[in-house]
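Trainee: Before we talk, could you put the sequence and the structure up for both of us?

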Amino acid sequence: QVQLVESGGGLVQAGGSLRLSCAASGRTFVTYAMGWFRQAPGKEREFVAAISRSGSSTYYADSVKGRFTISRDNAKNTVFLQMNSLKPEDTAVYYCAATFGRATMSQDDFGSWGQGTQVTVSS
């Protein structure tokens with residue numbers, strides 16, 4: 001597994017923005033497709049966004065389309081999640097994940113996970 005460390009979470013007002021970062025260790029970052037998932041209190045972890053190895057393909061949950069953007073910088077071994085127009089329902093712990101396979105919406109396909117970073121959106 002590749003080691004993943006998320007950062008950038010925090011408290012933000014509704015309508016505001018945050019950019020999450022996920023730093024990966026090792027030289028094999030470019031071999032992994034990456035994803036972001038989140039888990040709100042009392043809910044199961046759900047898919048947010050995913051990006052292919054090259055960054056040419058991206059996928060988003062319907063709930064975040066048009067508001068969130070996933071990107072990656074392979075030279076820096078980092079994947080980002082730009083979150084705009086945040087809503088209180090976006091409040092959750094956000095997890096970065098990596099898969100040696102293709103980018104998918106299923107967390108079952110991701111074998112490496114970070115510890116998560118808390119995002120809280122106040123009304």
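Trainee: Which residue does the disulfide join to Cys22?

Mentor: This is a predicted model, in which local features need pLDDT of at least 70, side-chain atom pairs count only at pLDDT 80 or more, and totals for chains, interfaces and linings use all residues. Residues are numbered from 1 along each chain as its sequence is written, and side-chain values use heavy atoms, with hydrogens and water left out. A disulfide is taken as a pair of cysteine sulfur atoms within 2.5 Å. With an S to S distance of 2.1 Å, the partner of Cys22 is Cys96.

Trainee: How many residues apart in sequence are the parts that this pair ties together?

Mentor: Strands are DSSP runs of E with at least two residues, numbered from the N terminus. The structure holds one disulfide. Cys22 lies in strand β3 (residues 18-24) and Cys96 in strand β9 (residues 92-99), so the parts tied together are apart in sequence by 74 residues.

Trainee: Is the disulfide of Cys22 and Cys96 left-handed or right-handed?

Mentor: The handedness follows from the torsion about the S-S bond. For Cys22 and Cys96 that torsion is about -80 degrees, so the disulfide is left-handed.

Trainee: Are Cys22 and Cys96 buried or exposed?

Mentor: The terms rest on relative accessible area, with buried under 20%, exposed over 50% and partly exposed in between, using a 1.4 Å probe and protein chains only. Of the 123 residues of the protein chain, 44% count as buried. Cys22 and Cys96 are both buried.

Notes: Helices (H or I, at least four residues) and strands (E, at least two) are DSSP runs, numbered from the N terminus.
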